[in-house]
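Please read the following note with the sequence and the model open beside it. The points begin with how two chains meet and end with a single side chain.

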Amino acid sequence: MDTHIFKPDLKRPLLSVGALGWLRTNLFSNWFNTLLTLFSLYLIWLVVPPIVKWAIIDADWVGTTRADCTSEGACWVFIKMRFAQFMYGFYPHELRWRVDLTVIAAIVGAAPLFVRAMPRKLIYGAFFLVAYPALAFWLLHGGFLGLVAVPTSQWGGLMLTLVIAVVGIAGAMPLGILLALGRRSDMPAIRVICVTFIEFWRGVPLITVLFMSSVMLPLFLPEHVSIDKLLRALLAVMLFEAAYIAEVVRGGLQAIPKGQYEAAAAMGLGYWRSMGLVILPQALKLVIPGIVNTFIALFKDTSLVIIIGLFDLLNSIHQATVDPAWLGFATEGYVFAALVFWIFCFGMSRYSMSIERRLDRGHKR
Amino acid sequence: MQTTARVQPARSSLLRDPKFRGLVFQILAVFTVVGIGWYLFQNTQSNLAQRGITSGFGFLNNTAGFGILQSLIDYTETDTYGRVFVIGLLNTLLVSGLGIFFATLIGFVIGIARLSPNWLLSRLATVYIEIFRNIPPLLQIFFWYFAVLRAMPAPRASYEFFDAIYLNIRGLYLPSPIPADGFNVFAIALLAACVAIVLVARWARKRREATGQLFPTPAVAIGLLVALPGLAALVAGNPVTWSVPELRGFNFVGGLVVIPELVALTLALTLYTAAFIAENVRSGIQAVSHGQTEAARSLGLRPRHILRLVIIPQALRVIIPPLTSQYLNLAKNSSLAAAIGYPDLVSLFAGTVLNQTGQAIETIAITMSVYLAISLSISLLMNWYNKRIALVER
C-alpha cells in the first residue's frame, strides 16, 4: 500500500510578498491605481525638490547681516538674528530669564498632572491652578516682591501668543461651564440668557469682537477707568471662547446618561453638589479632546490681535519683514512663523487624539 | 429632654421650595443682566456726551469721500456711507462665495483622495490636511499676499498662462466674456436644458421607485447640457466674445482684473477651509458602515450604483451639518480681509467708516448684526434641513 506523501508547499509568488507585494497591492493594483501613483509622484516631484533646494541646499545659514545672504535660497540668517525678538518681543533683554523661568515652572509644575499613577492628583491640580497664575503674573509682570515691573506694552512674540492663548482658555473655562449648565437649566429665564449669550458670541467673527474691545469698551466704562490694551484683548478672547467652551461642555453634559442625574438626586444631593460631584467630573473628562480642539482654534486665532496692534508672534515677524534693514525676506519670516504655529497645533491635535483613543477604550471595557 | 417635641406636619418653609427658589433665582439673574446693561448704557451716554459724539444712524446719509479699491456696484467718492456699507457687504459675500465654491471642490477631492486605496495618494492628502489646517488662516493670508503676490513682477514681465491669463503685481488678469448676438438664444437654451434635467431626474426617480428600473440620469444630463446650448450656438451664432487682456504701455487693457487682495484672500481661505472639509468628507464616508456596501453588493447593484444610491446619500447626511459650519467659519474668517486691506465689510465699515465718523457703537453694531444674521439664518436653514433628512426610526 502506497503511503501518500505530501509535497512541500510552493512558495508564494514573488510578486505577492515582501516589498514587491506591498507595492503591487498598494500602488499598482490596477491601471487606475497605477495612474494615481504616477500622478502623486509627479506632484511630489513638482513640490518637494524646489522646497528642499530653497530651504536647505541653497540656503544661507551663517552670518549676521543682510549682506551675508548671497545665494538664491532662503536667508535663515534673518531668522537667526531676530530670533530673540520673535520669542520675547520687546521684553527687556536682561529680564528675559523671567520668561524662561515662567515656562520652565509651567512644564515642571504641570508634569506630575500627566503622570497617570500620581496620587492625590486632584489636590495637586487645584493647588497648581491657583498657585501657578500668581507665580506667572509675578514673574512676567513683576512690580512687587523685588521684581522690576515690565509693562505689558513690552510683551511680545511667542511669549505674548502663549499668554493670550493660555489665559484666554483658562479664563473661559469657568464661564463656559456655567453657561453650559445654564443652557440645560430648567429655569426659562436662565436658559434664555445663556442661549442668547452663547449664540451671540458664536455668531460674530473674533475680529469684530477685538474691534469692539478696543473701541467700544472704553465707552462702556466710567471715564476714569482705563484698561490695559492686553487686558482688553484678553477680556474679548475670554468672552468669545467661553461661548465655544460652553457648547463643547454641553455636548459632554448631554452624553451623560439620565440615570446619573437621577442617581445623584436619589442620594439627596442638591443641584450644585450633584453637578459638582457626579455630573461634571464625568462630563468634563469626556470633553477633554473637544476642549483641546477649542484651544487649538484659539491658539491660531491669537494671531488676530495684530488688528488691535499687539505684537504677538505673527505681528513681530510681520514687523521684522518690513524692516528696511531686512527687506525682501518675507517668505522666510512667514515660513518660520508657520513652522512654530504648526508644531504647537499639530502637537496638541495629536495629544487630543491620543486622549480620545484612551477614553474610548475606557468606555468599551 | 426633647421628648415632648410634637410631630408637626411636614410644612417646608418657602425658602426650601424648589419652585419658589427657582423663581427668585431667575428674577435675580434677570435683574443682574438688566442692571449691567443699564450701567454700561449710562456710562456710554455720559462718555458720548463728554466727547461730543451724537449717536444715531443719521451718518449713513453723509458723503463718504474716500475711494474704494474694489466695488461690485457703481461708486464714487460723493456717495454715502450707506452705499459704502452695501459695497462692503457685497465684497464680503463675493469672497465668501468664491471661497465656499473652491473649498468645497478641493475639500471633496482631497477627502476622497484620503480614502483612496492608493497608499501614496492617501498619504499626500493627509500631509495636505495636516499642514494647512494647523497654520493660522491669517498667517496664510499674509503669506500669499506679502510673500507671493507682492513679490510678483511688474506688468511687463507678467507670468503668462495660455496667452490669455496674466499674473503680476497688480493682480490677476482674466479674459472676460462679452455677450454677443447669439447670447439670448444661448441663455434660453441653457435654461431649457436645466429645466429638462430636473424633469428627467424626477421622472427617473419616480420610475425607479415604482418599477426598480434604473435610468442613466447623469449621462443624459451631461448630454442635454452639451447638446442644447451647443445647438443654440450653431443656429444663432457665437454667444459671447472674449475680451482678452492686452499689454499696452505699462499696463494691461481689457479683460477682468482681480485685485491681489482678493486673490490672496480667496486662495488662503480656500486652502485652509478645504483641509477641514476634506476631514468632514472622510469621516462622513467612513461613517457609512461596511455592511451597507455588502448589502448593496449582495442585492446585485453595480459598484457605481452602490456609490450613487447607497453610500453617497447616507454619507451626505453625516457630511452636510459640519460642512455648513465650515461655510460659516469661512464667511467669518473672510473678515480677516481687514489685515491686508481688501475692502470687505469689516475693513470698510468697522475700519474706515468708523475712523472717519467716530460712530464706534453704530458701525460695530451694524457689522456684528450682519454676521449674526448670516449665522442665525444659516443655522435655522440647517435645523430645517436636519429635520428633513433625519433618519425616520421606527
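1. Contact, meaning heavy atoms within 4.5 Å, joins 52 residues of chain B to 54 residues of chain A. This is a predicted model, in which local features need pLDDT of at least 70 and side-chain atom pairs count only at pLDDT 80 or more, while totals for chains, interfaces and linings use all residues. Residues are numbered from 1 along each chain as its sequence is written, chains are lettered from A in the order in which they are written, and side-chain values use heavy atoms, with hydrogens and water left out.

2. The area buried between chain B and chain A (the accessible area, with a 1.4 Å probe, that two parts lose on being put together, summed over both) is about 4,700 Å², and carbon and sulfur atoms give 75% of it. Within chain B, the residues that lose the most area to chain A are B:Asn134, B:Leu139 and B:Met368, together 13% of what that side buries.

3. The count between these two chains is one salt bridge, a term for a side-chain nitrogen of Lys or Arg within 4 Å of a carboxyl oxygen of Asp or Glu. The partners are B:Glu130 and A:Arg350, at 3.0 Å from N to O.

4. A polar atom of the A:Arg96 side chain does, however, lie 3.1 Å from the backbone oxygen of A:Tyr91.

Technical notes: A polar contact is a pair of N or O atoms within 3.5 Å; within protein, one must be able to donate a hydrogen and the other to accept it, and residues adjacent in sequence count only if both atoms are side-chain atoms.
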